[in-house]
Amino acid sequence: MATIPFNLVSPFQPAGDQPAAIGALISRFDAKNSRQTLLGVTGSGKTFTVANLIQNLQVPTLVLAHNKTLASQLYQELRELFPDNAVEYFVSYYDYYQPEAYIPSSDTYIEKDARINERIERLRNSATASLLTRRDVIVVSSVSCIYGLGDPETYQGLALRLSINGACTRQQLLRELVRTQHIRNEVGFGSGTFRVRGNAVEVWPIHEESRFLRIELSGDKISELMYVDSLTGEILETPQHVAVYPVGHYVQPEDKIPQALVAMRAECSSRIAELNKLGKNLEASRLERRVLSDIEDLEELGYCVGIENYSSLFEQRAEGQPPFTLLNYFPSNFLTVIDESHVTLPQVYGMVRGDAARKESLIEHGFRLPSALNNRPLAEKEFEGMMSRVLYVSATPSHREEKLVSDPPVEQIVRPTGLLDPIVEVKSAKHQVEDCLAAVVDCVSRQQRILITTLTKRSAEDLTEFLQENKVKASYMHADIDTLQRSELLRDLRLGVIDVLVGINLLREGLDIPEVSLVLILDADREGFLRSKTSLIQTCGRAARHADGKVIMFGDKITQSMQAAIDESQRRRDIQHAYNLENNITPRSISKPVIDSLSGILLRDHGDKDVDYHALDWQQQSNELREHMQAAAADLKFELAIELRDKLQRLETQRLAHDEQ
């Protein structure tokens, strides 16, 4: 296993409250205090504090975020801070997911339907491969990390380990590749496939984006191993040893399938007898057809649709034993950083109950075996029991963190930039849409950005349409927007492609957009989850990275939550102002380079030239992008051409904005 140390690369040094926070956390973790809380206000550089902690502890780290948007942002930031180390991204690989379900009241069976994002699937495989081969790994994950993933020992045991001069015939190699679900494809060569070229076999590992492995064979031995650039054919690396991992985490070894089939038949027979005894003959017949069909697929193909529902039978787990998850791929001494813990922890704890309710209905009506319940997210005690060192990070820690951590929180209230918390103003909701437009127009005239939060998706879409009709460059973002597009929207907002972003619950915790000077909260007096004290404080924080930061709450009365948020903002402003006076600091807006979007990073990893949006040689960059775009179109790589076209359009928008300045 590689032992490359973590190497934090940054032109900045800790400032404000950061040095004291970093020192306190390091000393507490060195003293074996395994759980700590970092109470850091928005814009205080919590991510940089966490990076310094990782640099000091030198252990693999899981950074857990409560949604894909925040996870994407953290992934990009940590990649910049640790360019020499393995920073991985692990979220749900579904662009669209409809779980299998049964609704008894209408006798409606809903078959599982999903659309997998191949890029995110590659990143998931890259994360597990890195964890099994090196120590300098940071995995940024959503709640997906607590869902079943397959036994890491089985996954590692199925890896095809190749060495130069190692004994291996071509027939043996091809057989092993097929056994690990690699597909032979001589034409559409891509991730998870292989092809034969004379005495060489070329394999494209599932976790690789822009290079493949060429294995040169001489008789019954491996003579050469080389990683080759998929676009240019250039030899990038000639390793002595490599490991080719299975295509997916649920691939099962041949010797486990027969024993699993025996267990499936036994459980099926027992359950059918039980259903017949209860007079549920239809359910018994339905279950028998389903299980026999799956058994036939497993016998013939070694795989079946929904194989994860039989995972406990393959892994021979006892009743109630938790499933294997991403956490099992980490070594025992890893660090877990739970970002925005006041939201993330309740989300993690609640997943298992919803999953169980859905599967119990399927089991009761003969669609699944009872053992399907064992393929589930981790329960609260299981999740907590798997972590050794934990850092809870939040501007508004809840009672959960207080119960889990005996020490008082490490506070980080003073920002390195000297910025104060934003001014909070309350206006009547009677004409909130018109007042909202007036505030937006005034802010846009100063070339600043705006975030607006509403209560529903419909109102977000309607408000966006209203702003667009009034010549405002606006867009909306909610849960129906896919993972990669959310990252694009945030990047577009920073670049000025759009001036206003309207959302519901995604424009709260952790969004780092220094250009935003104004946050508008519609219907702030509608008490509830979206307008609670914590939600309002977090939403106000989105304007805390700009010197002109301001928040306008629209409401016909000041609720307890509104007053609490206003009071907390003022308390922090007083502390920050006193520090600035004592140290003669003039507040300044955060200046931060525009990091490429998640899809842009994936494209760049694929070999595309990155775009420096702030460079002055606009024409040269424009010409280069146009050439790359035309070449991609000529090679029939239309998706790549579309990505490059979008970059070209953003570059042109940025050029116009630069000229206006």
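The axes themselves are lines fitted to C-alpha atoms, for helices over the stretch in contact, and the angles run from 0 to 180 degrees between N-to-C directions. Helices (H or I, at least four residues) and strands (E, at least two) are DSSP runs, numbered from the N terminus.

A quick word on what you're looking at: this is a predicted model, where local features need pLDDT of at least 70, side-chain atom pairs count only at pLDDT 80 or more, and totals for chains, interfaces and linings use all residues. Residues are numbered from 1 along each chain as its sequence is written, and side-chain values use heavy atoms, with hydrogens and water left out.

Let's start with helix H1 (residues 18–30) and helix H2 (residues 46–57). They pack at an angle of about 40°, and their axes are 10 Å apart. H1 and H2 are therefore oblique to each other. Which residues of H1 and H2 meet? From H1 come Gln18, Ala21, Ile22, Leu25, Ile26, Phe29 and Asp30, and from H2 come Phe48, Thr49, Asn52, Leu53, Asn56 and Leu57. Contact here means heavy atoms within 4.5 Å.

H2 has another partner, helix H3 (residues 68–81): their axes come within 11 Å and cross at roughly 50°. That makes H2 oblique to H3. This crossing, too, is right-handed. Thr47, Phe48 and Ala51 of H2 touch Leu74, Glu77, Leu78 and Leu81 of H3.

Now for a strand. Is E17 (residues 335–339) enclosed or open? Five of its five residues are buried, so E17 is largely enclosed by the rest of the structure. Buried means under 20% relative accessible area, with exposed over 50% and partly exposed in between (1.4 Å probe, protein chains only). In a regular strand the side chains alternate between the two faces of the sheet. In E17, Leu335, Val337 and Asp339 point one way, while Thr336 and Ile338 point the other way.

Who pairs with E17? Strands pair if DSSP finds at least two bridges between them. Strand E2 (residues 61–64) runs parallel to E17, joined by four bridges, and Val63 stands opposite Val337. Strand E18 (residues 389–394) is also parallel to E17, with five bridges; there, Leu335 has Arg389 as its bridge partner.

Conventions. Parallel < 35°, antiparallel > 145°, perpendicular 65-115°, else oblique. Left-handed = near helix turned anticlockwise from the far one by under 90°.
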